[in-house]
Amino acid sequence: NNSAENDGNTKWIVSIQQSQQQQPQSAYAKASTTICPQVGSVILGRVTRVVRPSYAVVDIIAIVPTEPTNNGQSKQQPYIIPFHEPFAGTLRQNEIKPQSAIELEISDCLRPGDVVLARIHALGGEKEFILSTAETELGVVKATCESSGYDLVPVSYKEMECPVTKVKEGRKVAKPRAAT
């Protein structure tokens, strides 16, 4: 499956192979190294299970590196560094949108199979990480319509729509990233 998000000059292409045993690939993937995720790193992951009402289990499949710019701020690079094997991550309900005044139902934000950008918030154990999508740039970047099987298209920060059936599904949508 290929998914392209295009916002003017912005284009993120992520090819995720459905087989859990194959190495995830990307059109912009760099050669994998022995890099391990660290607290503060932005990662690309796939939701494997949603445990209502409190958390989702995420396979962390790649890291999205940042590099400092001349003015000291970091900029996102249009590539990922895939891991040889996925790391385990947990995305808790209160780490999806912690500033939200209303109680969120986790299934309205994520579903199994969704591809997400998240930040590693804390260590949860050996090779296990607590994730956060609290920032507007973090959240679901690829999702599939449950009824039609087509890739969903973001229509707002909280909904995605099937381009064929026009069915809308709730998600915590990642804000498209600016071109670097």
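**Exercise 1. A buried charge and its partners**

Arg 111 counts as buried, at 16% relative accessibility (buried means under 20% relative accessible area, exposed over 50% and partly exposed in between, with a 1.4 Å probe and protein chains only); work out which side chain meets that of Arg 111 in a salt bridge, and where the two residues lie in the chain.

*Solution.* The model is predicted, so local features need pLDDT of at least 70 and side-chain atom pairs count only at pLDDT 80 or more, while totals for chains, interfaces and linings use all residues. Residues are numbered from 1 along each chain as its sequence is written, and side-chain values use heavy atoms, with hydrogens and water left out.

Step 1: take the partner. The side chains of Glu 169 and Arg 111 meet in a salt bridge at 3.1 Å, N to O (a side-chain nitrogen of Lys or Arg within 4 Å of a carboxyl oxygen of Asp or Glu). This pair links distant parts of the chain, with Glu 169 in strand β13 and Arg 111 in the loop between β7 (81-92) and β8, 58 residues apart. Strands here are DSSP runs of E of at least two residues, and helices are runs of H or I of at least four, numbered from the N terminus.

Step 2: Glu 169 counts as buried because its relative accessibility is 6%.

Step 3: Arg 171 forms a salt bridge with Glu 169, the closest N and O atoms being 3.0 Å apart, and Arg 171 is buried at 1% relative accessibility. Arg 111, Asp 114, Glu 146, Glu 169 and Arg 171 are linked in a network of salt bridges.

**Exercise 2. A lysine without a salt bridge**

Which side chain of opposite charge is nearest to Lys 172, and how far away is it?

*Solution.* Step 1: Lys 172 lies in the segment after β13. Step 2: Lys 172 is buried yet has no salt bridge, and the nearest side chain of opposite charge, that of Glu 137, is 7.6 Å away (Lys and Arg count as positive, Asp and Glu as negative, and His and the chain ends are not counted). Step 3: the side chain of Lys 172 instead reaches the backbone oxygen of Thr 133, at 2.8 Å.

**Exercise 3. The partners of β8**

Which strands pair with β8, given that pairing requires DSSP to find at least two bridges between two strands?

*Solution.* Step 1: strand β3 (residues 42-51) and strand β8 (residues 115-125) run antiparallel and are joined by 5 bridges, with Val 42 having Arg 119 as its bridge partner in β8. Step 2: β8 and strand β10 (residues 139-142) pair in the antiparallel sense over 3 bridges, where Leu 117 has Gly 139 as its partner. Step 3: β8 and strand β9 (residues 128-132) pair antiparallel over 5 bridges, and Gly 125 stands opposite Glu 128. The hairpin formed by β8 and β9 has 2 residues between the strands, and Lys 127 in the turn has a positive phi of about 55°.

**Exercise 4. An open sheet**

In what order do the strands of the 3-stranded open sheet stand?

*Solution.* Step 1: the order is β11-β12-β13, with antiparallel pairing. Step 2: β11 (153-154) and β13 (168-170) are the edge strands, each pairing on one side only. Step 3: β11 and strand β12 (residues 159-161) pair over 2 bridges, with Pro 154 opposite Met 160. Pro 154 counts as partly exposed because its relative accessibility is 32%.

How values were computed. Pairing = 2+ DSSP bridges. Polar contact = N/O pair within 3.5 Å; in protein donor to acceptor, adjacent residues only side chain to side chain.
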